[in-house]
Amino acid sequence: MNRVDRNEVVDPITTEVIRNKLEGIANEMELTLLKSSFSPIVKEGLDTSASLFTVKAETLAQACAIPVHLATLIPTIRSMLQRYPLETMKEGDAYILNDPYCGGTHLPDIAIMTPVFHHGRVIAMSATMTHHGDVGGYSPGSLPTNSTEIYQEGLRIPPLKFREAGAYNETLVALLRQNSRLPDTLMGDLNAQLAACNVGARRLRELADVYGADLLMAIFDELLDRSETMTREALRKIPEGTYRYVDAMDNDGIELDKRIRVEVAVTVRDGTIEFDLAGTSPQVKGPMNCVPSGSQAAAYYAVRVLTDPTIPTNGGCFRPVSLKLPPGSLANPVEPAPVNARTSTIKRIATSMVSALAAALPDRVAAPAAGTLLVVAFGGTGRDGKRYIVGELIAGGSGAAQGLDGVDVVDTDASNCMNLPAEALEMEAPIRLRRVELRRDSGGAGEFRGGLGVVREYEILADGVTFTHRGERHYSAAPGLEGGQPGAPARSMILRAGGAEELIPSKALTVLNRGDRVIVETPGGGGYGDPRRRTTIADDIANGKVSAEAARLLYGRS
Amino acid sequence: MNLSAAPVPRYEVGVDIGGTFTDVVCRSDRGMMRLVKIPTTRANPSAGVLNAVQYMAREWGVLPEQIVRFVHGTTVATNAVLERKGAKIGLITTQGFRDTLEIGRQNRHAVYSVMLKPETPVFLVPGALRREVPERVTASGEVLVALDEAAVRREVDDLVAQGVSAIAVSFLFSYLNQAHERRVAEIIGEMHPQLMVSLSCEVDPAFREYERTCITAFDAYLKPVIDRYLENMETDLESNRVGSALQIMQSRGGVASSRIARRRPVRLFLSGPAAGVIGGSMAGDAAGYEDIITIDIGGTSADIALVSRGKPLIAAEGMLDGYAVRVPMVDVNAIGAGGGSIAWLDGAKSLRVGPASAGSEPGPACYGRGGELPTVTDASIVLGYVDPGYFAGGSLRLQPELSRRAIEEKIARPLGMSVEQAALGIHRVVNANMAEGIRFVSVKRGIDPRRFGLVPLGGGGPVHAAALARELGMRRVIVPLHPGVLSASGLLSAPVEHEAAVAFHDPLDHASATDLTRELAALDRQCAELMRVEGIAPEAVDIQYFADVCYVGQSYHLEIPLKPAGDVLARVRKDFFAAHDRIYGHSAEGPVQFVNLRSVHQARASAVAAEGNYVPEEGDPRKGARAILTEKSGGFVEAQVYERRRIRPGVTFYGPAVVEQADTTTVIEPGWRAEVDGRGNLVLTQGESK
């Protein structure tokens with residue numbers, strides 16, 4: 001291989017031109033993925049990402065719509081490279097993996113990677129990850145809410161060849177198809193991933209034709225070094241020290257009375273940042289466990305929030321970042337612990353990592369958001385005899401900061417999901433939404449008020465509706481900052497047609513019948529500053545965000 | 001009509017009122033076209049129209065009574081939103097849903113931040129002015145709870161007591177059953193006839209309550225403002241003896257009479273840019289290209305739009321001030337790169353350009369208004385592209401030494417390179433950014449840009465066009481006669497257009513062609529009534545139908561042209577699969593459903609003959625030479641400088657060259673051939689050097 005002296009050939013202009021192109025290529029890959037995928041979760045949940053990697057498995061450029069995907073492909077690509085070293089790769093190869101215990105995330109997320117060849121040499125790698133509709137296991141969609149081992153969650157794929165020198169691995173394809181409830185969708189989406197990888201590879205080859213592969217690879221190294229330099233620089237601006245944060249999650253859906261501890265110690269020193277999760281609960285029985293790729297995505301999200309937003313995101317940003325994840329803990333479970341419901345754990349770890357720095361970076365860190373995404377799902381058989389499943393993801397309020405009220409009902413941190421319109425829900429299922437309104441008094445009181453949660457009240461219009469409820473923050477509130485009050489915790493209940501009231505203990509799986517009602521109230525964000533200093537409390541009352549009583553009790557208004 | 005009378009000249013006038021300049025284009029029935037830029041009177045933009053009328057009478061001898069058509073493109077709707085100068089309004093909703101507008105869809109734009117700002121336009125109507133009344137329609141359109149009229153009266157009275165001048169009404173499922181919303185409008189009309197009302201079943205009869213409520217609230221917020229603005233303008237024109245009715249450009253790229261436009265202000269958001277795209281498509285068409293990409297490079301942004309088969313692509317929703325608004329508009333995609341974009345070095349000394357912009361105040365360093373940061377325009381000066389003495393036709397004298405100093409201090413010296421190399425670097429970086437923007441917009445619509453012609457607009461477009469086309473492998477660039485005032489001339493080319501849509505959710509398998517025909521006929525009646533108000537004869541109207549179609553379960557859809565004859569349903573299915581394959585790369589046999597039906601009525605607007613042949617001014621177009629530096633030329637090369645208005649059609653010349661005109665400068669890199677066509681467009685072709 002021809003080595004070139006980077007300082008001699010790399011000029012800052014061409015470097016920036018190439019950077020713009022790499023971002024364009026990643027975006028084009030992501031677009032290809034979104035456009036050519038079949039399953040709604042890709043198209044509407046944007047649960048997919050596309051990346052370019054260096055031959056050393058560092059991220060060159062990435063396009064992802066939700067931070068859960070940020071850099072999650074890194075351990076995947078490393079794992080593939082370990083199993084299939086560069087020198088064994090052939091043109092037309094494509095590699096596949098989904099096993100969380102081999103660098104994956106959870107089983108529905110399947111990664112596909114193709115090496116990018118230029119004149120017989122691998123110059124980069126083009127990779128995508130997509131959340132697939134079904135990969136087997138004991139519940140449709142492969143997200144069983146009460147799994148206790150990964151074997152129940154679906155088919156595990158270790159690093160394997162999906163294509164070899166341009167030909168499909170027929171044995172593997174047959175096995176994949178046989179194990180999915182939606183074999184056509186699965187193959188369609190895998191091919192969409194392959195198409196996106198090929199777009200990335202084609203455009204990288206075109207760049208190598210124009211600029212020469214040696215220069216291009218030298219520029220890749222330069223780009224990573226530059227982002228590393230800038231990230232270290234930004235980290236040096238944070239006062240050195242160790243910052244701690246502790247929070248509690250409700251339960252794992254299996255052992256309902258057992259709270260789960262999330263503890264982080266963030267140490268900033270000499271341009272590096274370390275996230276130590278010692279003190280976090282041992283791994284849990286239910287599927288809330290979060291494998292290292294998830295904890296790492298949370299850490300990278302935190303670094304992007306805490307440092308200069310203009311730094312181009314690539315593997316260089318992650319070089320100064322280290323994680324300590326105690327083996328056997330919630331944040332680094334040991335096989336065969338179940339992992340499919342790890343999103344709420346990633347969200348909480350991410351929020352905790354950022355919130356730890358609140359005192360050190362008051363300009364960048366608000367009071368904690370509710371940081372939850374309530375999952376509710378209704379399933380049954382409609383009057384037309386067809387099965388329906390409708391699910392929705394419901395956010396709470398964001399946290400307040402100096403000069404800034406929290407935002408009401410907005411998804412925060414590692415996810416970014418839309419809600420379901422009442423008019424969509426009612427067309428799909430025998431359910432009527434009776435009200436969708438801001439949850440008065442749920443925002444943490446403060447000079448700047450935390451964002452409000454939402455109240456949604458459902459009326460069930462048929463018998464035999466299965467109902468899943470996966471909540472968070474029922475037993476802990478988002479705390480306030482600088483004298484601000486905590487947001488209201490979540491609260492959900494079932495009002496049976498016969499008059500009985502059942503409080504939902506954060507997680508529930510039950511059957512609803514005609515006339516039953518479900519009321520969910522999502523949590524509010526933390527407030528900022530002494531509530532008695534708030535100057536706009538009269539508007540809050542007029543606009544229905546604070547009750548007159550709360551104004552008197554919490555804000556000291558008569 | 002007295003055919004023997006001496007022919008009196010007839011004129012059509014287009015007036016595009018922008019933030020800084022008001023562009024006026026006047027075309028006579030003898031093919032003559034004149035244009036002028038006059039400063040916009042910020043405090044009272046509609047005064048610009050009168051200024052234009054007076055200017056035309058004074059300078060061009062165009063008498064007001066000879067003006068047979070007066071078309072206006074306006075930013076007043078957009079500005080009222082940006083400046084929060086709409087009306088105080090109330091909102092009435094179904095009981096239990098008064099917060100729909102504020103809750104929105106719960107997703108956010110700032111992904112990597114925990115300091116969040118509201119994602120929904122709460123400023124339109126805060127909680128205190130949002131009221132709910134008992135009423136309920138089910139998902140199948142049946143009335144479940146009757147409208148509580150006493151509650152309506154109570155809430156309306158109270159809102160009026162609070163001082164609102166308009167009320168928006170948005171009930172659940174009103175796109176299936178309009179009765180309750182219409183009854184509220186009647187009640188308001190009886191109680192307070194002066195109040196303006198916007199009903200969601202009229203503004204946007206489609207499903208998803210947040211999007212419908214949001215655009216309806218925007219409509220009410222703007223109605224009193226737009227109504228006053230356009231009424232004043234109508235009165236002013238009348239009192240100045242302009243006999244013709246005022247027409248307004250709408251966001252979809254068609255014009256409507258002012259009297260109709262006043263009723264539906266949310267259709268004016270993209271009035272100006274839509275006219276630019278229409279102007280660009282006319283230029284492309286004249287040069288034999290009906291597939292073009294327009295890029296309008298202004299001070300802070302580059303706006304990219306696609307025209308396929310002569311028609312601008314329409315998006316079902318757009319963005320306004322960061323808010324998604326569901327109203328059809330020409331699909332204009334903005335990227336944060338323009339002439340005023342600032343070049344800077346980041347923490348690792350990488351040369352970055354934008355998204356911060358120097359705007360027009362203080363503007364690029366060369367403006368000499370105190371801007372000390374180097375911009376793309378400053379780089380253009382150093383590279384020899386723009387003559388500092390002939391910027392905006394010489395109306396603004398630029399100071400090249402300030403450009404050099406800014407680039408030297410902020411970029412060249414820290415990077416240890418020459419000022420010229422730094423300037424070229426700024427162009428290379430911003431061009432890479434814009435080229436990726438064009439590529440992304442094309443791929444998104446399933447289009448290969450290499451097949452398309454590039455039509456640069458705005459003062460900055462022609463400076464960058466050849467470099468962008470080279471970067472993208474596009475072979476042809478069409479520089480319109482007046483790229484800087486193309487919006488105004490686009491106003492004169494646009495058809496009169498009225499469009500109506502209705503939600504129609506039937507699956508294709510169960511839909512009946514009879515139902516379809518009935519719905520389309522109802523839409524036709526709405527459009528025909530509007531055309532009648534315009535005074536346009538039915539036989540002059542061209543009707544097109546469209547259906548929004550998706551796979552069952554998909555939440556996005558494609559617009560498919562509809563021909564209501566023969567086996568319409570089978571054809572829709574086939575066309576949908578083909579469109580899905582073209583745009584998304586695949587399609588599969590599977591259950592398909594309708595979402596909306598749409599009828600679009602168009603009529604030729606122009607009362608005068610099409611533009612005549614382009615006649616250049618007399619004189620030698622060559623006005624000397626100067627050195628320019630391009631990426632392809634290696635070092636500075638001597639470029640011939642031409643005066644655009646003197647280049648004769650059919651004359652061919654080659655890059656390196658620079659073509660100057662009052663509103664822009666065209667840079668022709670080495671390796672390009674240039675020619676002016678019969679309509680005056682400057683057409684550049686790549687790969688044909690001398």
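**Notes on the model**

1. Thr54(A) counts as partly exposed because it has 19 C-beta neighbours inside 10 Å, and a residue is called buried at 20 or more. In sequence Thr54(A) and Ala124(A) are 70 residues apart, yet their C-alpha atoms are 4.7 Å apart in space. With neighbours within four places in sequence left aside, the contacts of Thr54(A) are Leu60(A), Ala124(A) and Phe220(A).

2. On confidence, the model scores ipTM 0.92 and pTM 0.92. For chain B the average pLDDT is 90, and 96% of its residues score at least 70. Where pLDDT is low, the predicted coordinates should not be read in detail.

3. How many residues of chain B are in contact with chain A? There are 54 of them, and they meet 63 residues of chain A. On the chain B side, two or more residues come from each of α3 (100-103), α7 (209-239), β22 (351-357) and α12 (419-444). Of these, α12(B) gives the most, with 10 residues. By class, the chain B side has 23 nonpolar, 15 polar and 16 charged residues.

4. Chain A is assigned domain 1 (6-230) and domain 2 (366-558). The centres of these two domains of chain A, taken over C-alpha atoms, are separated by 36 Å. Contact between them involves 7 residues of domain 1 of chain A and 7 residues of domain 2 of chain A. On the domain 1 side, the residues divide into 4 nonpolar, 3 polar and no charged.

5. Chain B is assigned domain 1 (11-81 + 228-268), domain 2 (86-223), domain 3 (496-603) and domain 4 (622-686). Between the centres of domain 1 and domain 3 of chain B, taken over C-alpha atoms, the separation is 33 Å. Here 8 residues of domain 1 of chain B are in contact with 8 residues of domain 3 of chain B. On the domain 1 side, β12 (255-257) and α8 (258-261) of chain B each supply at least two residues. The largest share of that side comes from β12(B), with 3 residues. The classes on that side are 3 nonpolar, 3 polar and 2 charged.

6. Helix α11 (residues 400-415) of chain B deserves a separate look. Its 16 residues should span 22 Å at 1.5 Å a residue, and the end C-alpha atoms are 21 Å apart, so the two values agree. After the helix comes Gly416(B), with a positive phi near 65°.

7. Which residues of α11(B) are buried? They are Leu402(B), Ser403(B), Arg404(B), Ala406(B), Ile407(B), Lys410(B), Ile411(B) and Ala412(B). Among the elements of chain B that cover them are β21 (341-345), β22, α10 (376-382) and α12. Both β22 and α12 of chain B also give residues to the side that touches chain A.

8. Helix α14 (residues 486-493) of chain B is largely enclosed by the rest of the structure, because 8 of its 8 residues are buried. The buried residues of α14(B) include Leu486(B), Ala488(B), Leu491(B) and Leu492(B), along with Ser487(B), Ser489(B) and Ser493(B). Gly490(B) is also one of the buried residues.

9. One joins Gly354(B) and Pro355(B), with omega about 0°; Pro355(B) is in strand β22 of chain B. Another joins Gly655(B) and Pro656(B), with omega about 5°. Pro656(B) is found in the loop between β31 (652-654) and β32 (657-661) of chain B.

10. Glu482(A) has phi near 55° and lies in the loop between β16 (465-470) and β17 (491-495) of chain A. Arg208(B) has a positive phi of about 90°, and its place is the loop between α6 (200-203) and α7 of chain B. Glu482(A) is partly exposed because 18 other C-beta atoms lie within 10 Å. Arg208(B) counts as partly exposed, with 18 C-beta neighbours inside 10 Å.

Notes: Residues numbered from 1 in each chain as written. Chains lettered and ligands numbered in written order. Predicted model: local features only at pLDDT ≥ 70, side-chain atom pairs only at ≥ 80, totals over all residues. Contact = placed C-beta atoms within 7 Å. Helix = DSSP H or I, 4+ residues; strand = E, 2+ residues; numbered from the N terminus. Nonpolar A, V, L, I, M, F, W, Y, C, P; charged D, E, K, R; others polar. pLDDT = per-residue confidence, 0-100. Domains from an automatic or database assignment. Expected span 1.5 Å × (residues − 1). Buried ≥ 20, exposed ≤ 12 C-beta atoms within 10 Å, placed from the backbone.
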